[in-house]
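Here is a short briefing on one protein chain. Please look over the sequence and the structure first.

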Amino acid sequence: MNWYDRHLLPYLIDFACGLPMVQQQRRQLVPKAHGRVLEIGMGTGRNLPFYDRSRVTRLVGVDPAMQMHHLAQKRSQKAGIDVELMGLSAEQLPTADASFDTVVCTYTLCSIPDAVQALREMRRVLVPGGQLLFCEHGRAPDPGVRRWQDRLQPLWGPLAGGCQLGRDIPGLLAEAGFTANTQSAYLAGPRPMTFHYWGEAQAD
């Protein structure tokens, strides 16, 4: 890991993930989490203020970027919600089958190397009838925008921690065995970065 990834990237990601339209997406989605909650890609803890503490009995956060954990811990303290942080990627979760009621995954599938395997792990650890709450940017529906996503990717990926602009989020969910109630739209900002998918998914 180079100097940029260790010292600058966490703050750039934190800034981007705290933009008003992104925070609004979190505000709509995260309070639905309940029971034992696993958050994939906790990052700097931007979701923490939006959890309904009266509905969450346990919160576990997974993220391999250890350099971001101190920011998440600060937000945990400020939000008054305890979180157990694990420094690992989501492709192999060290938790038992059917051990969580809710999985929360926001702005994370874009940068997990094997997103389908990670989603299969999320499905495995959910209880029967459990819920995956997701919000991700991804592949745009417009051919012109998709071409720009493809053009920008070689520059964007290294600068944004491996983020993939054009991942097919509904396709990934379906391949991993989820049935999703998905909404989608462009948010404010440059179109190659701002086509969003969000909603709730359950295992088939």
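**A histidine under cover**

H137 is buried, because its relative accessible area is 9% and buried means under 20% (exposed is over 50%, partly exposed in between; 1.4 Å probe, protein chains only). The model is predicted: local features need pLDDT of at least 70, side-chain atom pairs count only at pLDDT 80 or more, and totals for chains, interfaces and linings use all residues. Residues are numbered from 1 along each chain as its sequence is written, and side-chain values use heavy atoms, with hydrogens and water left out.

**Around H137**

- H137 belongs to strand β5, residues 126-137.
- Strands here are DSSP runs of E with at least two residues, and helices are runs of H or I with at least four; both are numbered from the N terminus.
- Neighbours within four places in sequence aside, H137 is in contact with Y107, C110, C163, Q164, L165, I169, M193, F195 and H196.
- Contact means heavy atoms within 4.5 Å.

**Strand β1 and its partners**

- Strand β1 covers residues 35-40, and five of its six residues are buried.
- β1 pairs with strand β2 (residues 56-62) in the parallel sense, over six bridges.
- Pairing requires that DSSP finds at least two bridges between two strands.
- Opposite G35 stands V56 in β2.
- β1 also pairs with strand β4 (residues 100-106), again in the parallel sense, over four bridges.
- On that side, E39 has V104 in β4 as its bridge partner.
- In a regular strand, side chains alternate between the two faces of the sheet.

**Fold and dimensions**

- The chain holds seven helices and seven strands.
- Their order from the N terminus is α-α-β-β-α-β-β-α-β-α-α-β-α-β.
- The C-alpha trace spans about 45 × 40 × 30 Å along its principal axes.
- Among contacts with a separation of 6 or more, 68% join residues 24 or more positions apart.

**Surface and charge**

- Of the 204 residues, 50% count as buried.
- The accessible surface is about 9700 Å², and carbon and sulfur atoms hold 55% of that surface.
- Areas come from the Shrake-Rupley method with a 1.4 Å probe.
- There are 21 positive and 19 negative side chains, with the centres of the two sets 6 Å apart.
- Lys and Arg count as positive, Asp and Glu as negative; His and the chain ends are not counted.
- Each charge is placed at NZ of Lys, CZ of Arg, CG of Asp or CD of Glu.
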